[in-house]
Amino acid sequence: MNLTTLTSKNLLKLSRKEMQTLGYQVIDLLIDHFETIHSKSTTPKIESSVVKERLYESIPKKGISPQLVMQQLQNDVFSNVMHHNHPRFFAYVPSPNNFISAMADTLASGFNIFAGSYKAAPAAAEIELITIDWLRQLCNLPAGAGGLFVSGGTMANLTALTVARHIKLQNQIKNAAVYYSDQTHSSIERALYILGFDHTQIRKLPSDENFCLRVSDLKNAVLKDWATGKFPFCVVANAGTTNTGAVDPLSELSNFCLREDLWLHIDGAYGAASILCEQGRSVLKGLELCDSLSLDPHKRLFQSYEAGCVLVRNGNWLKETFCMRPEYLSDLEPQQEEVNFYDYGIQLTRSFRALKLWMSLKIFGLEAFEKAIEQGIALAELVEQILRLSTVWKIVTPAQLGVITFQYIPEFDLPLKEINLINSKIMERMAKNGFAMLSTTKLKNSIVLRMCTINPWTTEADIRETLQYLEYFGRLEEILSRNIRGILRSA
Ligand SMILES: Cc1ncc(COP(=O)(O)O)c(C=O)c1O
């Protein structure tokens, strides 16, 4: 084949001027977003059919100018997203990222750093080691503990359970059993299925009245399994459930696991970072006793997606579980002290995820993070305080680590089904309105409204106005429900 001289476009290159124009446009767009987010709608207002119509096209053979593409992005994409970092976004787990994190991702992506091997980027590996060690220290794990950054809580849980399977079972999973409460995040079940366990090996125990794992139930289940030839090997505890922020009795569970020689994995993807503040520290006593821990910087540590982290009590466990030595990577074999992160987890090629948390901590400082986390916890307590003064709301679970659940209770007796419907409708109306966004969840057959208030940019006025809207929507739905019932009765 003859080599031809390619034009700069065919080299996928922009001129310096073009790069600057596009780069400044991107940065300006982001700055505008961060500065104006408070006044934006939390939810998209566009129908999916319109989105499809605007975006679908055949593969562009010839390119167009970056400015035209930016315009399309601005008009059709970024203006039509649910803003998980909006100060009035209270649904699911909000993701209040920070600008430094976004810039760090731009740098990591621009330099395209391969954060798999030490030799490829020694300083990047050191930054990951340092940042992991900061998280280890914050969670009070011992000096020999280690970890790595992954894409999020799901991957952290999968990585941790893979280590548990390897270290505890030498990957022989037949008859092995795993225990956790019915409040545990679905990513645990998914991870177990991926790892080859089936439903007969999973003991999903009913949670207590505070939505926590009952140690007595766990004991009974484990004893029963031992007695019937099963092999109990792992308990998954929650450090802040997604539904209610509940924390399982971590110290008690750790004692039990030590006695019975069980692996204790703690899913702290939502709540573990609360350990940075006083209140979190007292609720999370025992976190340091885990064998493995998931935590998510893209939730409570204000990082852009994707930033999850898994910590394990003995850093060598990761390497023992994941290390493979393909011939073509033998040149990259680490010397003493060097760490190839691709030996420590599932990914070979991996981005420099540590950079964003490292930069954010360096620039804002730990104290700013402590205050921001404290604020998120206090905001949920404010919600609870306000709701307790009203006659139409029932607090279902009190404010815990930034999550509160509550229910609109109509003035007149209505069946549970109808109350559930009213609460779902309140959420739908709020989403449609776009001023704020919250979600529902199901707790013991009741549909409840759930607010997660971890965004430090949320103001007291945001909370008060959101609650006014909710009450208004609740009253409206109650009237509609009574009228419909009246019509049905007279029909
Ligand atoms: C407790 C808990 N574990 C795991 C996850 C999964 O995390 P991710 O969405 O980052 O994969 C979540 C997500 O909300 C969570 O709240």
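Q: Quick one on R136: buried or exposed?
A: R136 counts as buried, at 11% relative accessibility. Buried means under 20% relative accessible area, exposed over 50%, and partly exposed in between (1.4 Å probe, protein chains only).

Q: What kind of model is this, and how are residues numbered?
A: It is a predicted model: local features need pLDDT of at least 70, side-chain atom pairs count only at pLDDT 80 or more, and totals for chains, interfaces and linings use all residues. Residues are numbered from 1 along each chain as its sequence is written, and side-chain values use heavy atoms, with hydrogens and water left out.

Q: Back to R136. Which side chain does it meet in a salt bridge?
A: D133, at 2.6 Å, N to O. A salt bridge here is a side-chain nitrogen of Lys or Arg within 4 Å of a carboxyl oxygen of Asp or Glu. D133 and R136 both lie in helix α5, three residues apart, about one turn of the helix. Helices are DSSP runs (H or I, at least four residues), as are strands (E, at least two), numbered from the N terminus. D133 is partly exposed, at 26% relative accessibility.

Q: How many salt bridges does that rule give?
A: The count comes to 21.

Q: Which parts does the E128 and R350 pair tie together?
A: The two side chains meet at 2.8 Å, N to O. E128 lies in helix α5 (residues 122–138) and R350 in the loop between α11 (316–322) and α12 (354–364), so the pair ties together parts that are 222 residues apart in sequence. E128 is buried at 1% relative accessibility, and R350 is buried at 3%.

Q: What about E384 and R388? Where do they sit?
A: Both are in helix α13 (residues 366–388), four residues apart. E384 is buried, with a relative accessible area of 14%, whereas R388 is exposed at 52%.

Q: New topic: the ligand. Which residues come nearest?
A: Of the 14 residues around the ligand, G153, T154, T242, D267 and H298 come nearest. Near means that a heavy atom of the residue lies within 4 Å.

Q: What does G153 put by a ligand oxygen atom?
A: A backbone N or O atom, 2.8 Å away. A side-chain N or O atom of T242 is also 2.8 Å from an oxygen atom of the ligand. For D296, a polar side-chain atom lies 3.0 Å from a ligand oxygen atom.

Note on methods. Polar contact = N/O pair within 3.5 Å; in protein donor to acceptor, adjacent residues only side chain to side chain.
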